[in-house]
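This report is an introduction for a reader who is meeting the structure for the first time. Please keep the sequence and the 3D view at hand while reading the sections that follow.

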Amino acid sequence: MAFKIASSPHLSRHFKTSTLMQRVLLCALPGVAVQCYFFGWGTIIQILIAISVALASEAAVLRLRKRPVIATLKDNSALLTALFIGIAIPSLAPWWLTVLGTLFAIVIVKHLYGGLGHNIFNPAMAAYVMLLISFPVQMTSWATPSALLSQPVEFLSSLQMIFIGASSAIVDSMTMATPLDTLKTDLAMGLTSHESLAKPVFSDGFGVGWFWINLAYLAGGLVMIKLKLIRWHISTAILASLFVCASVGFLLNPDTHAGPLMHLFSGATMLAAFFIATDPVTAATSVRGRLVFGALIGVLVYVIRTYGGYPDAYAFAILLANLCAPFIDHYMKPRAYGHRSRG
């Protein structure tokens with residue numbers, strides 16, 4: 001039998017890369033559908049923009065690198081990166097924001113490091129952080145959930161706001177901060193968490209729509225574990241460490257700390273825990289390493305959410321953990337069979 005050496009991702013089941021990416025895409029669709037239900041057509045438009053730019057830029061870079069274009073595009077990795085960028089960007093953000101983010105993810109983060117299997121950072125999260133630092137106003141102005149609007153934003157209106165723009169008065173009435181950002185701002189202004197959670201945006205205690213969005217991504221993540229597309233270690237470690245940290249903080253001072261369920265079902269928690277942090281290229285690989293990798297992300301998310309300036313924190317936490325992945329793998333290598341410790 002021939003011994004084959006190949007770059008990551010390495011999987012226990014014999015999936016082609018294209019099949020793996022395709023099934024992950026399908027598992028993410030319930031979450032995307034729920035997100036579109038609460039935040040309108042803009043999410044679909046942003047995803048389509050990201051997909052178009054991702055495929056075009058990847059094809060251009062592959063030609064420059066003299067690599068097979070069609071065969072590489074068929075691995076669906078660019079498609080998956082584009083989906084995550086389209087989901088992460090506010091649904092009514094200007095079109096050029098998505099274009100810049102997607103170009104950065106594909107050209108710089110992915111291909112500058114050698115392409116799929118060689119990038120050290122998750123491309124979608126690196127692009128999100130770049131946009132968040134460079135354009136904080138546009139990246140923190142999310143569409144108002146449809147449940148809080150007297151009239152939902154129609155498809156044509158969404159197109160107009162994304163591609164043409166609108167007056168500042170219209171933009172201000174159609175966009176708002178995320179629930180996590182609202183809570184953090186209120187706590188900084190001296191309000192208690194109970195007073196902040198009494199606002200209409202927290203009508204269900206988690207932020208309008210965000211509980212159902214996270215629930216849908218959780219369902220898709222569990223399906224991926226069932227199909228053995230991902231292992232359970234990273235996702236479980238993230239959620240468990242975040243739950244423990246949030247519980248301790250809430251028990252110590254419930255007036256200035258959100259409860260653990262708020263942390264688990266707000267923002268990008270389930271999307272990041274199941275679909276992004278589990279990226280087999282940039283995550284730790286051993287069993288113990290994956291547990292440490294996931295726990296590190298959960299702790300970093302809580303610390304950044306509580307004491308940092310970025311309320312969601314998952315992108316920063318995942319990128320920091322990506323940096324630590326080789327170090328974690330080095331010290332968490334499984335013991336070789338037959339090894340006997342020195343006594």
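Predicted model: local features only at pLDDT ≥ 70, side-chain atom pairs only at ≥ 80, totals over all residues.

Most residues other than glycine have a negative phi.

A positive phi of about 60 degrees is also found at Lys66, again a residue that is not a glycine. Lys66 sits in the loop between α2 (42–64) and α3 (69–73), and with 77% relative accessibility Lys66 counts as exposed.

## Salt bridges

Side chains of opposite charge can pair when their charged atoms come close. How many salt bridges does a search of the whole structure find? The search finds 3. In one of them, Glu58 pairs with Lys110, and the closest N and O atoms are 2.9 Å apart.

Another salt bridge joins the side chains of Lys199 and Asp186, at 3.0 Å from N to O. This pair links distant parts of the chain, since Lys199 belongs to the loop between α11 (193–197) and α12, while Asp186 belongs to helix α10 (residues 179–188), 13 residues apart. Lys199 is partly exposed, with a relative accessible area of 32%, whereas Asp186 is buried, with a relative accessible area of 5%. A salt bridge is also formed by Asp312 and Arg305, whose closest N and O atoms are 3.3 Å apart; here Asp312 is partly exposed, with a relative accessible area of 22%, and Arg305, at 6% relative accessibility, counts as buried.

## Aromatic pairs

A pair of aromatic rings is described by the distance of the centres and the angle of the planes. The structure holds 12 aromatic pairs, among them the edge-to-face pair of Trp96 and Phe135, with 5.1 Å from centre to centre and 70 degrees between the planes. This pair links distant parts of the chain, with Trp96 in helix α5 (residues 95–111) and Phe135 in the loop between α6 (123–134) and α7 (136–139), 39 residues apart. Trp96 is partly exposed, with a relative accessible area of 29%, and Phe135 is partly exposed, with a relative accessible area of 23%.

Tyr217 and Phe275 also form an edge-to-face aromatic pair, at 5.9 Å centre to centre and 75 degrees between the planes. Distant parts of the chain are linked by this pair, for Tyr217 is in helix α12 (residues 210–226) and Phe275 is in helix α15 (residues 269–276), 58 residues apart. Both Tyr217 and Phe275 are buried. Elsewhere, Phe39, Trp142 and Trp210 form one aromatic cluster.

Is Asn322 buried or exposed? Placed in helix α17 (residues 314–331), Asn322 counts as buried, because its relative accessibility of 4% is under the 20% cut-off.

Leaving aside its neighbours within four places in sequence, Asn322 is in contact with Ile120, Phe121, Asn122, Thr282 and Phe293. With regard to Asn122, a polar atom of the side chain of Asn322 lies 3.1 Å from the backbone nitrogen of Asn122.

Definitions and conventions
Residues numbered from 1 in each chain as written. Heavy atoms only, no water. Phe/Tyr/Trp six-rings, centres within 6.5 Å; stacked < 30°, edge-to-face > 60°. Helix = DSSP H or I, 4+ residues; strand = E, 2+ residues; numbered from the N terminus. Buried < 20%, exposed > 50% of the residue type's maximum accessible area, 1.4 Å probe, protein only. Polar contact = N/O pair within 3.5 Å; in protein donor to acceptor, adjacent residues only side chain to side chain. Contact = heavy atoms within 4.5 Å. Salt bridge = Lys/Arg side-chain N within 4 Å of Asp/Glu carboxyl O.
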